[in-house]
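Subject: Structure for you to look at

Dear colleague,

I am handing over the structure below, together with some notes on what I found in it. Please read the notes with the model open beside you.

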Amino acid sequence: MRETPNNKSYKICFIIGSIIGFVAVACYIYASIMVMQSIWVYLNYPSNAAERFDAAIAMMVALAIAVYIGIVIAVAIVLVCIGIKWNKKAGISVLSVIIAAVLLMASCVFAWKCCPPAKSSYSEKEVGDFVVWVYDDYCEIYGTTEVGNNKKYLVIPEYIDGVRVDALGVRSLAGAIDMVSGDVTYPRIESDVIEKIYFESAIDFYPWLNPQNISVNFKKLFYPGIEKYPDATSSFKMYYPRAVYEKAVQDEIWSTYSVNKHPANISYYYNYEGAENDGYYFIDDCDYGEKIEYIPKDPEREGYTFGGWYKESECINEWDFEVDTLPEEKKEEKEVHLNGETVKEEVAVYQETILYAKWV
């Protein structure tokens, strides 16, 4: 039996309404989850004005999105209702699914808002350079103290007061804004003094832009690994251990935005067999021909005492931080691709200065 023009119109309405309805419901569910997570942050951090404000903004944005999607769902329902004349059974089934999903998520949001806030599982305290949120078995660095803000070189430790540091920045607000990525927020750092930030371990942090409120003096960030953020963009230079950098280049891990990624030209080695981190203790980068300005804290090794930093693995000549300098800059001519053309340009030759730990 041939379909009449009216039946074809009803069928088209049914198909279009169904597609729009299911896509809109999926978006509606996501927006509802954002609203619920924002509510959780707002209720669970009553003492933190910044978190509450950001969570409230996220909540309003999510609610606005939910209202817009609700209008789209209403249009979809109208189209499906028209399409019922083409296939009553299929139309009722689709309507039932759409309406049930909308009512279910609306009920969840309402119930979530009415639930009493869960007792927060973290405690906030100031420890040295940092304001930290301490949980049961780890902590997150929420920001810096006045002491930390006045330091030229900031070291992100692996442990604070014996508790493992899990992130520079916190996850609560990030979860409110983006449930999928789970990224941490910008750390609350307000400093016009900090020039370098060193990471002792490969913890989470927000790498795509400069941390908020750090001045233009902030130039370099030193990170021990590339696994977590292979394509992170940044407006500052990121430095890695030479071996890590070379492996990333060889494996073509960096597909984009590698212009600000560099191998550190100063490497501190543990200098004993089986050392962690492939033998690297610390990395830094200074201008060629200049002295090393920042001296890292002494490394530790069970059963041994640290005896200083030396120029060779045999520990014959000790490095004098007051006198010794990096090698003078060397340049070579290389072909560089610029605006679709290949030109020759003088570039600095990479030279690594390695300091070896002595153990007695």
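Helices here are DSSP runs of H or I with at least four residues, numbered from the N terminus. Please keep in mind throughout that this is a predicted model.

By that definition, I19 is found in helix α1, which covers residues 5-44. I19 counts as exposed because its relative accessibility is 53%, and the cut-off for exposed is over 50%. Together with I15 and V23, I19 forms a nonpolar patch on the surface, and the accessible area of these residues together is about 270 Å².

The side chain of S96 reaches the backbone oxygen of I92 at 2.7 Å. Although S96 and I77 are 19 residues apart in sequence, their C-alpha atoms are 10.0 Å apart in space.

Is K220 buried or exposed? With a relative accessibility of 12%, K220 counts as buried, and it is found in strand β9 (residues 220-222). The side chain of K220 makes a polar contact with the side chain of D285 at 2.9 Å. Leaving aside neighbours within four places in sequence, the residues in contact with K220 include E195, Y239 and C286.

The next topic is charge pairing. Side chains of opposite charge can pair when their charged atoms come close. The structure holds 10 salt bridges, and one of them joins the side chains of K125 and D161 at 3.6 Å, N to O. This pair links distant parts of the chain, with K125 in strand β1 (residues 123-127) and D161 in the loop between β5 and β6, 36 residues apart. K125 is partly exposed at 37% relative accessibility, whereas D161 is exposed at 55%.

Another salt bridge is formed by the side chains of D129 and K151, at 3.0 Å from N to O; D129 lies in the loop between β1 and β2, and K151 in the loop between α4 and β4, 22 residues apart. D129 counts as buried at 13% relative accessibility, while K151 is partly exposed at 33%.

E293 forms a salt bridge with K152, and their closest N and O atoms are 3.4 Å apart. Because E293 lies in the loop between β13 and β14 and K152 in the loop between α4 and β4, the pair ties together parts that are 141 residues apart in sequence. Finally, R242, E246 and E352 are linked in a network of salt bridges.

How values were computed. Residues numbered from 1 in each chain as written. Predicted model: local features only at pLDDT ≥ 70, side-chain atom pairs only at ≥ 80, totals over all residues. Heavy atoms only, no water. Patch = residues over 30% accessible without salt bridge, like charges linked within 9 Å, V, L, I, M, F, W, Y side chains within 5 Å. Areas by Shrake-Rupley, 256 points an atom, 1.4 Å probe, with all protein chains shown as cover. Salt bridge = Lys/Arg side-chain N within 4 Å of Asp/Glu carboxyl O. Helix = DSSP H or I, 4+ residues; strand = E, 2+ residues; numbered from the N terminus. Buried < 20%, exposed > 50% of the residue type's maximum accessible area, 1.4 Å probe, protein only. Polar contact = N/O pair within 3.5 Å; in protein donor to acceptor, adjacent residues only side chain to side chain. Contact = heavy atoms within 4.5 Å.
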